[in-house]
Amino acid sequence: MLSYEQSVIIGLVILGYAVICALFKYKQFDKPTRVLAWLMLITLINERVADYYAHNGGNNFIAYGVFNPIQLLIIALYFNYSIPFFKSNKIGIYIGIAGCILGFVNYYIVQSPAKMNTYFLLAESIIVVAMSLIAFYNMLQSDNDMRLRNNPHFWFTAIFLFFWTATFLFWGLYDFLIEQIKVNAGLLHLSLILINVITYIGFGTVFLLYPKMKTANEQ
């Protein structure tokens, strides 16, 4: 199994790849894709902060407890700008602000900063999966199969759906898998790392292919 240091290095490498790809093509991005580029950068910074706390503060729960509500806000902004119905009614902004407030209430009142904010993580997963499905429905209503394959937002949404469905299942069933089925914790952590690798390599690759996809989609 991978050590903590090895998992940190893998995380930094794949996030660094996504950030570099985003910076390289940033000027060609539309507004929602630029929001994703900022999400990649902020996520990379948070991972470094989490690593610092893990080595110097005993655990990194505080880093993720503060970051996760902000993460939901940024993701909601992405969907606000990429889904026309959301954009015209500012629905993504309202969802992001409400979710952010909910996250900090959970962090400071419901679950203490000394614990992993699993309640909010599950709620965040449900919210992002729901927005992803709405985005897919909107795209299917207004596009054909050929153009969808060349639509970067189709792939961004697919990546979000993959990552947050897996996050919901893993964290929702974590205690059950460990305590009842006796699944090895190291195997679960390795699976989570693999999910992250697929996710951030996916984001980075779509960033790189964005100009070509956009041109093909407009033809």
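Predicted model: local features only at pLDDT ≥ 70, side-chain atom pairs only at ≥ 80, totals over all residues.

Isoleucine 45 is a residue of helix H2.

**The nonpolar patch**

- Ile45 belongs to a nonpolar patch on the surface, together with Val49, Tyr52, Tyr53, Ile62, Val66 and Ile70.
- Taken together, the residues of this patch have about 550 Å² of accessible area.
- Which helices each supply at least two residues of the patch? They are helix H2, covering residues 31-56, and helix H3, covering residues 61-82.
- Helix H2 gives the most to the patch, with 4 residues.

- The side chains of arginine 48 and aspartate 51 meet in a salt bridge, with a distance of 3.0 Å from N to O.
- This pair counts as a salt bridge because the N to O distance of 3.0 Å is within 4 Å.
- In general, side chains of opposite charge can pair when their charged atoms come close.
- Are the two partners buried or partly exposed? Arginine 48 is partly exposed, with a relative accessible area of 42%, whereas aspartate 51 is buried, at 11%.
- By the rule used here, the count comes to 1 salt bridge.

**The chain as a whole**

- The secondary structure of the protein chain consists of 10 helices and 0 strands.
- The protein chain has 219 residues, and buried residues make up 41% of them.
- The accessible surface of the protein chain is about 11700 Å², and carbon and sulfur atoms account for 68% of that surface.
- Looking at contacts between residues at least 6 apart in sequence, 70% join residues at least 24 apart.

**Confidence in the model**

- The average pLDDT of the protein chain is 87, and 90% of the residues score at least 70.
- Which element has the lowest mean pLDDT, and which the highest? Helix H9, residues 174-180, has the lowest at 68, while helix H4, residues 84-89, has the highest at 94.

Note on methods: Residues numbered from 1 in each chain as written. Heavy atoms only, no water. pLDDT = per-residue confidence, 0-100. Patch = residues over 30% accessible without salt bridge, like charges linked within 9 Å, V, L, I, M, F, W, Y side chains within 5 Å. Areas by Shrake-Rupley, 256 points an atom, 1.4 Å probe, with all protein chains shown as cover. Buried < 20%, exposed > 50% of the residue type's maximum accessible area, 1.4 Å probe, protein only. Contact = heavy atoms within 4.5 Å.
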